[in-house]
Amino acid sequence: MLDQAEILQLRSLCERTLAENWMEGVRAGDRAPFAYTRPSPKQYPWQWFWDSCFAAIAWRRLEPSRARRELETLLAAQRDDGFIGHTIFWSGPPRDLRRFTYNVLSRNATMTASIQPPALAWAWRIAVGDPSLEPRIARYHEWLAAERDLDGDGLIWIVQPDESGLDASPQFDPIWTGRRHGQLGFVWLVHRNRRLRYDMRRIHQAGGPVCCEVATNVLYGLSRLALGQPSLTPVIVERMYDQDTGLFWPLSDPPPRRRPAMTWAALAPLALPDLPDEIARRLIERYLLEPDNFWTPVPTPSVAVSDPSFSLDDTVVPGIRRYWRGPTWVNAAWLLWLGLVRLGYVTQAAELGRLLVGAVLRSGLHEYYDPYTGRGMGAPRFAWSSLAMELAEPDPAAGSSYL
């Protein structure tokens with residue numbers, strides 16, 4: 001168990017980092033006001049969709065007014081049709097090499113034309129209040145249902161791996177192959193999708209690939225529940241759960257030629273409050289708590305350590321990183337921790353919190369961590385790693401995923 005001194009130390013670290021990363025002002029072109037948390041000031045200066053959702057959840061413990069302003073700034077970027085992009089360029093669009101790989105339709109775009117996991121309504125529920133009272137959130141969900149539900153069953157599909165927020169995760173290797181994130185072919189993929197204006201149906205008709213990714217739909221499902229909409233969990237189980245392995249797998253069209261890697265996303269439905277207990281316990285006991293899979297000294301790695309694709313090498317070439325191929329990320333660990341809490345694995349939930357928070361206190365708030373040593377990796381001063389506060393001082397609502 002964490003002692004009070006450690007909890008206070010963590011809270012101070014998170015408050016200091018979030019305050020240093022806070023950015024507010026008015027956009028030069030249209031004088032639109034903004035206020036948001038930069039994920040990491042040097043490497044990530046703009047507003048990222050799901051980063052802001054996680055930052056708002058952390059801000060609610062420290063300065064609730066900033067949690068609301070963070071999410072309202074996302075909504076301020078909304079187009080008339082309800083769409084909100086993956087990245088919003090409040091301080092101006094990218095002018096460096098990123099202009100070749102960012103999902104923009106023009107050099108002067110104010111945001112990308114791609115999505116990120118739609119966690120907004122869930123974050124609003126946790127940090128602000130009832131999202132059903134905010135019509136702009138409803139419009140956003142109407143856009144998702146109209147534009148990203150390929151089969152009409154409620155599940156949403158992505159057109160590039162980075163739309164999942166999991167970028168170079170090896171689960172995408174057999175889906176996008178040589179055009180996956182971090183490969184030279186990814187530049188071709190971005191330019192092809194720009195030409196098709198990131199329209200999922202046009203991309204699907206052009207041969208795709210398009211993917212129905214598990215963690216993306218878990219966060220979408222949590223947001224639907226936060227809005228009071230019908231649960232997506234039965235469809236996630238019906239279409240993505242594999243009885244033989246006891247894991248959840250992504251769907252894609254065209255289908256992959258081999259099974260994807262076993263990543264944390266295969267366990268992500270643990271965050272769903274209505275996941276059947278039998279399925280959840282199998283995920284926990286066979287995979288999450290198994291040292292040969294996800295229960296490392298600093299849990300939980302983003303890829304099972306038993307999977308051949310697991311790697312702590314996060315570089316392609318100097319200056320270009322491959323994300324989500326092995327190290328531990330705080331947001332993913334927190335989502336899996338929710339399942340431990342809900343199902344009464346009290347000792348294991350506390351241990352996960354102790355081990356992860358220990359790494360954060362030793363290394364600081366980093367983008368991700370070595371799952372064996374706890375060494376901080378990736379960008380420093382990383383905002384969403386302040387979600388460690390959720391594990392250090394559990395909210396009584398965590399057992400129901402805050403719903």
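Modeller: Ala, Val, Leu, Ile, Met, Phe, Trp, Tyr, Cys and Pro count as nonpolar, Asp, Glu, Lys and Arg as charged, and the others, including Gly, as polar. The model is predicted: local features require pLDDT of at least 70 and side-chain atom pairs pLDDT 80 or more, whereas totals for chains, interfaces and linings use all residues. Residues are numbered from 1 along each chain as its sequence is written, and side-chain values use heavy atoms, without hydrogens or water.

Colleague: How does the lining of the second largest pocket divide by class?

Modeller: Pro174, Ile175, Trp176, Thr177, Arg179, Gly208, Pro209, Pro254, Pro255, Pro256 and Arg257 line this pocket of about 210 Å³. By class, seven are nonpolar, two polar and two charged.

Colleague: What surrounds the centre of the largest pocket?

Modeller: Arg98, Thr101, Tyr102, His181 and Tyr323 lie nearest the centre, among 39 lining residues. The volume is about 1100 Å³, and the lining divides into 18 nonpolar, 13 polar and eight charged residues.

Colleague: Why are H2 and H3 called roughly antiparallel?

Modeller: The axes of H2 (residues 49-59) and H3 (residues 64-76) come within 8 Å and cross at roughly 165°. Angles over 145 degrees count as roughly antiparallel, and H2 and H3 therefore qualify. Phe49, Ser52, Cys53, Ala55, Ala56 and Trp59 of H2 make the contact with Pro64, Arg66, Ala67, Glu70, Leu71 and Leu74 of H3 (contact means heavy atoms within 4.5 Å). These residues divide into nine nonpolar, one polar and two charged.

Key. Axes are lines fitted to C-alpha atoms, for helices over the stretch in contact, and angles run from 0 to 180 degrees between N-to-C directions. Helices (H or I, at least four residues) and strands (E, at least two) are DSSP runs, numbered from the N terminus. Angles under 35 degrees count as roughly parallel, over 145 as roughly antiparallel, 65 to 115 as roughly perpendicular and the rest as oblique. On a 1 Å grid over the protein atoms alone, a cavity is a set of points where a 1.4 Å probe fits but cannot get out, and a pocket is an open set with protein on both sides within 12 Å along at least five of seven lines; lining residues have an atom within 4 Å of a point. Grid points are joined across faces, edges and corners, and a volume is the space filled by probe spheres set on the points.
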